[in-house]
Amino acid sequence: MEIVFPEHWSQTRVTVVGDVMLDRYWSGATERLSPEAPVPVVNVQDVEDRCGGAANVALNIAALSAQVECIGLIGEDEHGAQLANLLATHNIAHQLMRTKKSTTTKLRVIGQQQQLVRLDFENLFSAADSSSLQSALTHSLRHADAMVVSDYAKGALHHVDQFITLARNQHIPIIVDPKGKDYKRYHGATILTPNLKEFEMIVGSCVNDAARIERAHQLITQLNLEAILVTLGAEGMLLVHANAPALTIPAHSHEVFDVTGAGDTVVAVLAAALGAGLSLDEAVPL
């Protein structure tokens, strides 16, 4: 299959709404065990902050030279201010609504290029917090060619059904990176992009592609979707349409130390491509 990138990514406008977070990395040398417990001692030599969650999706879209606006919830804290600063540094338009909750933050401690531990700092956002996003989203979607729903189950998407309705009214593709066991809340989206574990948590264990395709068709009908894209790790991806043959896309494996954000990248490229006018069969191989 020939893969063709759109010529004018820069004219594509994507709105990303969902759970934004700050990814913080402490990295250093690990040369001994602690005398206090059988754990490695990391001599921290580098501290790096990155955009995480929905903010990382926005960053990926911007890296493709498409226009993007990121909408989400943060706290009135240093982590939220740093996340907003990171988006601004990358010239990403954003509307991050401040709440009394803390900004979702994931701290990873890295020793000798290996992740040793991850510490999560979070307070789930409420339905009232989520409702504060609707006005910003309504305005953003007036100028959008596609919408990404980036769900990490942190509470920003209590009203995701209303957000999907807003985008459907604008007749634009809706790409959902789902989370949890209640997929009914994504009813009416264009495409869902679960990984295999997430997919089987909803439809049950599948012994082969034929079973995956059958279960995907059932889910597409139940949720009024156009398609489901199941990411299969080293096996590649499986695209199941509502009314077209399924498409299997192989993966090209590389050895890496950290797979953080792999799903975000899939969603970002898919959204930019669909927003630029490509079909699903053209967009997914990208």
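Here are some notes on a few helices and loops in this predicted model.

1. Let's start with helix 2, residues 78-89. Its twelve residues reach 16 Å from the first C-alpha to the last, close to the 16 Å expected at 1.5 Å a residue.

2. Which residues of helix 2 are buried? They are His79, Gly80, Leu83, Ala84, Leu86 and Leu87. These residues cover an arc of only 155° around the axis, so they sit on the same side of helix 2.

3. Next, have a look at helix 1 and helix 8 (residues 262-275). Their axes come within 8 Å and cross at roughly 50°. The crossing is right-handed. On the helix 1 side, the residues that meet helix 8 are Asn56, Val57, Asn60 and Ile61. Their partners in helix 8 are Asp264, Thr265, Val267 and Ala268.

4. Helix 4 (residues 134-141) and helix 5 make another pair. Here the axes come within 10 Å and cross at roughly 20°. Because angles under 35 degrees count as roughly parallel, helix 4 is roughly parallel to helix 5. Helix 4 also passes helix 5 in a right-handed crossing. Gln134, Leu137, Thr138 and Leu141 of helix 4 make the contact with Gln162, Phe163, Leu166 and Ala167 of helix 5.

5. Now for some backbone angles. Most residues other than glycine have a negative phi. Ser65, though, has a positive phi, near 75°, and is not a glycine. You'll find Ser65 in the loop between helix 1 (54-63) and strand 4 (67-75). Is Ser65 buried, exposed or partly exposed? With a relative accessible area of 47%, Ser65 is partly exposed.

6. Ala153 is another residue to check: its phi is positive, about 60°, although it is not a glycine. Ala153 lies in the loop between strand 8 (146-150) and helix 5 (160-169). Its relative accessibility is 44%, so Ala153 counts as partly exposed.

7. Finally, back to helix 2: what follows it? Asn91 does, and its phi is positive, near 55°.

Notes: Residues are numbered from 1 along each chain as its sequence is written. This is a predicted model: local features need pLDDT of at least 70, side-chain atom pairs count only at pLDDT 80 or more; totals for chains, interfaces and linings use all residues. Side-chain values use heavy atoms; hydrogens and water are left out. Helices (H or I, at least four residues) and strands (E, at least two) are DSSP runs, numbered from the N terminus. Buried means under 20% relative accessible area, exposed over 50%, partly exposed in between (1.4 Å probe, protein chains only). The expected span of a helix is 1.5 Å times one less than its number of residues. The arc is that of the directions from the helix axis to the C-beta atoms. Axes are lines fitted to C-alpha atoms, for helices over the stretch in contact, and angles run from 0 to 180 degrees between N-to-C directions. A crossing is left-handed if the near helix is turned anticlockwise from the far one by less than a right angle, and right-handed if clockwise. Contact means heavy atoms within 4.5 Å. Angles under 35 degrees count as roughly parallel, over 145 as roughly antiparallel, 65 to 115 as roughly perpendicular and the rest as oblique.
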